[in-house]
Amino acid sequence: MGASLGGRGRPDPELDKAVLGALFSESTVGLHVFDTRLRLVRFNTAARFVKAFALEEALGRHPREWAGDFYAGNYESILLRVLETGVPALDIEVRGHLRPDQPEIVLSLSCFRLEDSAGDILGLATAVVDITERTRSAARLALLERAGGRIGTTLDIFRTAQEFADEMVPALADTVVVEVLDSVLRGEVGEPGTVLEYGALRCTSRRSRAHDAERYLPSVGEAVGLSTATPFAQCLSDLRPRRVEHLNPEAEWLPREPVRGRRLLDAGAHSLLVLPLVARGSVIGVAHCYRHHTPHPFDEGELALAAELADRVALCLDNARLYARERSAARILQLSLRPARVLGHGAVETAYSYCPLGAGGDWFDVIPLSGARVALVAGDTAGRGLEAAATMGEVRAAISALAVLDLAPEEVLERLHDLVTRLHGERPRFRDAPADDERQDTTCLYLVYSPVTRRCAVASAGHPSPVLALPDGTVEYAVTPTGPPLGRGLAKYGTAEFEIPEGSLLLLSNTALLRAVSDDPLEQLGRVGDALQPTGRPLQEICDEVLYKLTPEQMENDAVLLLARTRGLGTEQVASWTLPNHPASVSEARARTERALEEWGLGQHAFTVTLVVSELVTNAVRYSDGPIDVRLILDGQVVVCEVTDDSSTVPHLRHAEEVDEGGRGLYLTWQVSRRWGTRPENRGKTIWAEVALSEDG
């Protein structure tokens with residue numbers, strides 16, 4: 001012992017003796033004393049309670065005779081090194097087993113060399129502390145912390161279940177299988193009930209440390225039913241975990257589980273945990289863990305740890321279920337709100353590809369307009385889920401209604417901007433909702449093409465410009481004034497007009513599809529241009545080729561493409577003339593209309609068409625002052641009659657009484673026309689009406 005001073009200022013042998021007595025009789029730390037040949041010569045009372053060593057007959061014997069497999073580790077090397085060097089070894093972990101079928105025991109070992117006053121070596125003293133429980137607790141906490149960061153990284157049920165299995169093997173079990181109710185995979189809630197009500201359980205993940213595990217593991221997606229009076233059934237009946245400490249191959253419940261029971265026996269399992277997966281009062285499924293490689297069975301502490309991990313993964317699985325349900329509902333809503341089919345149109349030939357991969361709010365539309373014109377529309381509603389799909393439906397319905405008014409593209413977007421701003425203001429703000437400057441954008445591109453003039457008018461609210469491919473092979477972005485996304489900033493938009501030759505291609509897409517190619521617009525244009533060539537191929541073939549080349553392998557967002565090949569209406573399909581503002585112009589308009597119809601071989605429709613033209617010209621003569629423009633357009637099975645004057649007064653349909661002398665002109669037009677309306681012009685207005693040439697027109 002080191003020097004000490006008693007009460008009289010000199011060494012006190014009695015104090016040394018008392019210290020030694022305390023170490024050997026009262027200390028809670030096990031103490032072993034060895035001679036220079038590593039034979040145990042003394043041990044204290046606490047050493048008797050270190051269950052790793054049986055010391056009853058150990059005195060005078062070498063550790064290899066009484067230390068079991070602890071000695072086979074680093075125990076001997078520690079003793080020899082300290083005996084040789086004299087350098088103490090502090091807090092060294094030593095691991096071993098009392099028996100092969102029992103859990104590992106962990107000891108903390110500190111070793112010191114003993115010397116006399118002359119420096120001669122007398123032997124060794126070792127302090128031994130059993131830290132098994134402390135080590136197990138630390139390992140369990142580490143597993144919980146690690147699993148908390150690795151389980152539930154996605155909102156995919158299969159991925160989440162696999163993350164749970166990966167964390168459990170081999171840290172806690174040799175094999176883990178996770179089974180989920182079929183109803184949960186459909187996004188439905190599994191209410192607690194009898195086992196027979198649950199139906200099949202479907203394997204969503206499995207993991208094993210055995211090399212030949214495939215012979216007894218279920219396939220992912222395989223469904224197996226439940227039987228009564230088994231640990232699996234009991235677990236889902238009372239929602240409590242089950243531990244089968246020693247799995248007996250002769251257990252009476254095994255024959256009731258012909259599939260799971262056979263697999264347990266094939267794996268050589270000797271201990272089993274069955275864990276219910278329950279979250280928010282909903283039954284998700286069951287996880288079963290078993291040991292066949294680890295010799296000792298599951299204990300109560302491991303059952304508690306596994307149950308806590310099962311609760312965590314159940315919550316993550318339920319989050320994934322809720323997400324899947326909302327995404328499924330959003331996708332159904334999104335598909336129900338998109339155009340069921342794009343009808344043919346005389347102005348353009350169209351083809352489209354629509355892949356709602358992300359259940360977001362991306363959309364397109366083809367809207368017939370007056371004067372044989374057509375509106376091509378594409379839009380994005382950022383985000384996913386029901387709110388994005390609902391917003392998409394609201395915006396698409398609004399733009400369809402606004403398009404009928406025949407407004408200029410920038411005016412359509414301005415009115416749409418006001419609508420989206422109001423909708424944003426009406427929706428409740430939640431605590432975690434983004435601020436106004438972080439609000440998800442709604443974009444829109446609105447393009448109008450006239451086959452008569454072969455001119456396009458286009459405006460954009462934060463949406464990518466359309467790609468224009470000319471018949472000569474030139475591919476470029478159409479010059480498009482771009483204003484702010486709908487509902488953000490000031491509604492300041494502009495319209496660009498340009499003429500394109502017949503047979504040109506116009507490509508409209510959603511923002512995410514182009515960004516998946518590159519953030520560089522020139523690189524985007526190059527990839528799109530390569531896919532569009534040659535432009536003479538069937539349009540759907542070109543559209544599919546563009547989708548194949550632009551969509552990455554792991555596309556997470558929606559992919560929307562609308563492709564249009566422009567057509568033109570020549571002089572043989574259009575007749576127009578300007579008449580003076582005089583009552584005699586009504587009869588001249590009728591005469592010219594009859595001649596035009598005769599030239600088109602439609603003389604049998606002269607009565608109806610001339611009636612419409614005469615009524616519209618009469619209305620123009622009565623309410624305007626300047627010249628009157630009349631135009632007839634033969635658009636398939638429809639004749640479009642247009643009369644333009646310099647008056648901005650918009651006519652209204654009246655239902656004249658029997659005694660009224662006037663007010664029946666527009667009423668007659670409405671009766672014999674398929675549809676009619678007005679549109680504003682730079683000078684005045686145009687009143688138009690469509691007369692069908694057949695019942696299908």
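Some housekeeping: local features need pLDDT of at least 70, side-chain atom pairs count only at pLDDT 80 or more, and totals for chains, interfaces and linings use all residues. Residues are numbered from 1 along each chain as its sequence is written, and side-chain values use heavy atoms, with hydrogens and water left out.

**Confidence**

The mean pLDDT (the predictor's confidence in each residue, from 0 to 100) is 84, and 88% of the residues score at least 70. Helices (H or I, at least four residues) and strands (E, at least two) are DSSP runs, numbered from the N terminus. Among these elements, strand S16 (residues 455-461) has the highest mean pLDDT, 95, while helix H7 (residues 195-198) has the lowest, 63. Two stretches need some care. Residues 430-439 have pLDDT below 50, with 10 contacts (heavy atoms within 4.5 Å) beyond near neighbours in sequence. Residues 656-663 also stay under 50, and there the model has seven contacts beyond four places in sequence. Where pLDDT is low, the predicted coordinates should not be read in detail.

**The sheet**

Now for an open sheet of five strands, ordered S23-S24-S25-S27-S26 and paired antiparallel. Two strands count as paired if DSSP finds at least two bridges between them. S23 (574-579) and S26 (675-680) are the edge strands, each pairing on one side only. From one strand to the next, the twist averages 15 degrees. Angles run from 0 to 180 degrees between N-to-C directions, with axes as lines fitted to C-alpha atoms, for helices over the stretch in contact. S23 pairs with S24 (residues 628-635) over six bridges in the antiparallel sense, and in that pairing serine 576 stands opposite arginine 631 in S24.

Which strands does helix H16 touch? H16 (residues 584-599) packs on the sheet against S23 and S24, and its direction makes about 165 degrees with that of S23. Helix H17 (residues 606-623) lies across S24, S25 (638-645) and S27 (685-692), running at about 10 degrees to S25.

The search runs on a 1 Å grid over the protein atoms alone: a cavity is a set of points where a 1.4 Å probe fits but cannot get out, a pocket is an open set with protein on both sides within 12 Å along at least five of seven lines, and lining residues have an atom within 4 Å of a point. Points are joined across faces, edges and corners, and a volume is the space filled by probe spheres set on the points. That gives two cavities of 30 Å³ or more. For the classes below, Ala, Val, Leu, Ile, Met, Phe, Trp, Tyr, Cys and Pro are nonpolar, Asp, Glu, Lys and Arg charged, and the others, Gly among them, polar.

| Space | Volume | Lining by class |
|---|---|---|
| Largest cavity | about 80 Å³ | five nonpolar, one polar, three charged residues |
| Second largest cavity | about 30 Å³ | seven nonpolar, two polar, no charged residues |
| Largest pocket | about 800 Å³ | 10 nonpolar, eight polar, 11 charged residues |

Around the largest cavity sit residues including Glu179, Arg260, Arg263 and His288. Helix H9 gives the most to that lining, with three residues. In the second largest cavity, the largest share, also three residues, comes from strand S21 (residues 505-509); Pro464, Leu507 and Leu514 are among its lining residues.

The largest pocket is lined by 29 residues, and the closest to its centre are Arg373, Glu497, Arg679, Pro680 and Glu681. The sheet comes back here: S23, S24, S25 and S26 are among the elements that each supply at least two lining residues.
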